[in-house]
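Please look at the sequence and the structure before reading on.

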Amino acid sequence: MPHPDPASYDVAALRERFPALKAGFAHFDGPGGSQVPDAVADAVARTLVAPLANRGTVTEAERTADGIVHDARAAVADLLGVDVGGVVFGRSMTALTFDIARTLAATWAPDDEVVVTRLDHDANIRPWVVAAAAVGATVRWAEFDPGSSELTEDDVAAVLSPRTRLVALTAASNLVGTRPPVRAIADLAHAAGALVYVDGVHYTAHAPVHVEALGADLYACSPYKFLGPHCGVLSGDPALLETLRPAKLAPSTNAVPERFELGTLPYELLAGTTAAVDFLAGIVEPHGGTGGSRRERVLVSMAAVEAYEDGLRARIEAGLAHLPGITVYSRAAHRTPTLLLGLGGREQEAYAFLAERGVNAPAGSFYALEASRRLGLGDTGALRVGLAPYVDDGDVDRLLAALGEFTSA
Ligand SMILES: Cc1ncc(COP(=O)(O)O)c(C=O)c1O
């Protein structure tokens with residue numbers, strides 16, 4: 001894989017593609033949902049005004065819908081490095097996780113166990129807790145170190161047993177950015193005979209993704225976090241999906257992956273998802289460059305995004321070091337460019353202060369409720385500063401200036 005040249009990352013040209021940026025806000029709210037490029041919005045709009053029907057092969061309108069679904073599965077397969085036949089679309093990662101948890105739990109016995117982590121977003125905790133309770137299975141909690149925000153293999157090994165049926169784990173924390181050693185944890189889980197469900201919602205937006213290398217049996221993500229529209233994705237090996245029996249309507253197909261997709265798919269959002277993957281694949285080589293497959297180009301682009309965002313993160317961290325009264329909770333050795341800042345109980349005030357200056361950096365627990373509590377931040381959390389491919393140095397200057405003003409006030 002060629003290493004991306006940081007000089008080829010043209011953030012000014014990139015920003016031109018995001019109509020929302022014209023409003024003039026500095027967006028550090030990407031972990032909650034990214035801004036959308038013109039190409040994604042156009043794909044959504046084009047789909048809605050084209051002749052469109054339910055999937056089928058007889059009318060052009062049916063064939064259009066069918067093509068959109070195939071294209072979107074292929075795009076996600078390229079983004080994640082997964083089998084196109086195992087890509088499932090749904091309303092959100094949360095909805096897909098509740099569905100798959102219920103389906104998997106139907107195969108569990110009362111003395112079976114499921115492992116969740118205190119680091120995860122609640123969408124990769126509660127569905128498993130609820131599903132386990134419904135069949136009398138036991139939930140075991142892997143704790144992370146609140147001092148370092150690290151979750152290690154040992155933390156998970158401590159709660160694994162021969163009865164573990166599933167380990168639910170995030171590839172990156174949406175609260176503090178921690179990137180746990182997913183592969184090492186997955187290897188332990190597999191050795192114990194458990195499946196591994198990886199929440200890739202935050203991670204997919206910030207790094208090249210190789211689902212197989214992560215050791216994930218099932219991997220979930222949400223296009224609206226990576227420049228796409230509001231829907232969710234679950235991917236799994238088709239052979240594994242074939243063994244599962246989700247609740248479904250009698251007339252709907254039993255084929256995989258359609259078996260897992262309840263009701264009519266949002267074709268316009270799927271078209272937008274394809275456009276988002278195409279856009280990501282073009283970030284470093286917007287005009288096709290040296291060519292290569294979309295998978296190859298998306299990996300190069302995401303490596304460039306990762307390097308670029310890490311550079312901005314280093315700038316922010318260096319700037320914060322000069323400001324009084326700020327506690328930085330995002331301190332794992334390996335992490336995404338997502339900072340969590342404590343401001344001595346004034347986080348909500350800072351959120352509003354920054355917003356008045358056009359700097360969007362919200363405060364909260366961001367549904368990583370267990371993690372927020374474990375960090376001693378209760379249910380209210382702290383101020384989150386998240387990066388995205390379109391954030392630039394000017395945004396960082398505005399953030400640091402506004403935080404400087406706030407902390408000196
Ligand atoms: C890490 C993480 N997991 C899961 C979710 C839930 O995703 P969705 O909104 O698609 O249900 C989020 C949303 O913020 C998230 O950041």
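By class, how many nonpolar, polar and charged residues does the lining of the largest pocket have? The lining has eight nonpolar, nine polar and three charged residues. The model described here is predicted.

**The largest pocket and the ligand**

The volume of the largest pocket is about 330 Å³. Its lining comprises 20 residues, and those nearest the centre of the pocket are His121, Asn174, Val201, Tyr224 and Lys225. This largest pocket is the space taken by the ligand.

Around the ligand stand Ser92, Met93, Thr94, His121, Ala123, Asn174, Asp199, Val201, His202, Ser222, Tyr224 and Lys225. Sorted by class, this shell consists of four nonpolar, six polar and two charged residues.

| Residue | Atom in the residue | Distance to an oxygen atom of the ligand |
|---|---|---|
| Methionine 93 | polar backbone atom | 2.9 Å |
| Tyrosine 224 | polar side-chain atom | 2.5 Å |
| Lysine 225 | N or O atom in the side chain | 2.6 Å |

The ligand taken alone exposes 400 Å², and the protein buries 90% of that area.

**The cavities**

How many cavities of 30 Å³ or more does a search of the whole structure find? The search finds two. The largest cavity holds about 100 Å³ of space. It is lined by 15 residues, and the closest to its centre are Gly30, Ala205, His206, Lys225 and Leu387. By class, the lining of the largest cavity has nine nonpolar, four polar and two charged residues.

The second largest cavity has about 30 Å³ of volume. Leu79, Thr204, Ala207, Pro208, Val209, Arg295, Val298, Leu299 and Met302 form its lining. Helix H11, which covers residues 294–320, gives the most to this lining, with four residues. The lining of the second largest cavity divides into seven nonpolar residues, one polar and one charged.

**Two points in the backbone**

Two places in the loops deserve a separate note. Most residues other than glycine have a negative phi, and most peptide bonds are trans.

Where does proline 257 lie? Proline 257 is in the loop between helix H9 (238–242) and helix H10 (267–281). The peptide bond that leads from valine 256 to proline 257 is cis, and its omega is near 10°.

The other place is serine 149, found in the loop between strand S4 (138–142) and helix H6 (153–157). Serine 149 is a residue other than glycine, yet its phi is positive, near 60°.

Note on methods: Residues are numbered from 1 along each chain as its sequence is written. This is a predicted model: local features need pLDDT of at least 70, side-chain atom pairs count only at pLDDT 80 or more; totals for chains, interfaces and linings use all residues. Side-chain values use heavy atoms; hydrogens and water are left out. A residue is near a molecule or strand if one of its heavy atoms lies within 4 Å of it. A polar contact is a pair of N or O atoms within 3.5 Å; within protein, one must be able to donate a hydrogen and the other to accept it, and residues adjacent in sequence count only if both atoms are side-chain atoms. Accessible areas come from the Shrake-Rupley method with a 1.4 Å probe; for residues, only the protein chains shown count as cover. On a 1 Å grid over the protein atoms alone, a cavity is a set of points where a 1.4 Å probe fits but cannot get out, and a pocket is an open set with protein on both sides within 12 Å along at least five of seven lines; lining residues have an atom within 4 Å of a point. A molecule sits in a cavity or pocket if more than half of its atoms lie within 2 Å of its grid points. Ala, Val, Leu, Ile, Met, Phe, Trp, Tyr, Cys and Pro count as nonpolar, Asp, Glu, Lys and Arg as charged, and the others, Gly among them, as polar. Grid points are joined across faces, edges and corners, and a volume is the space filled by probe spheres set on the points.
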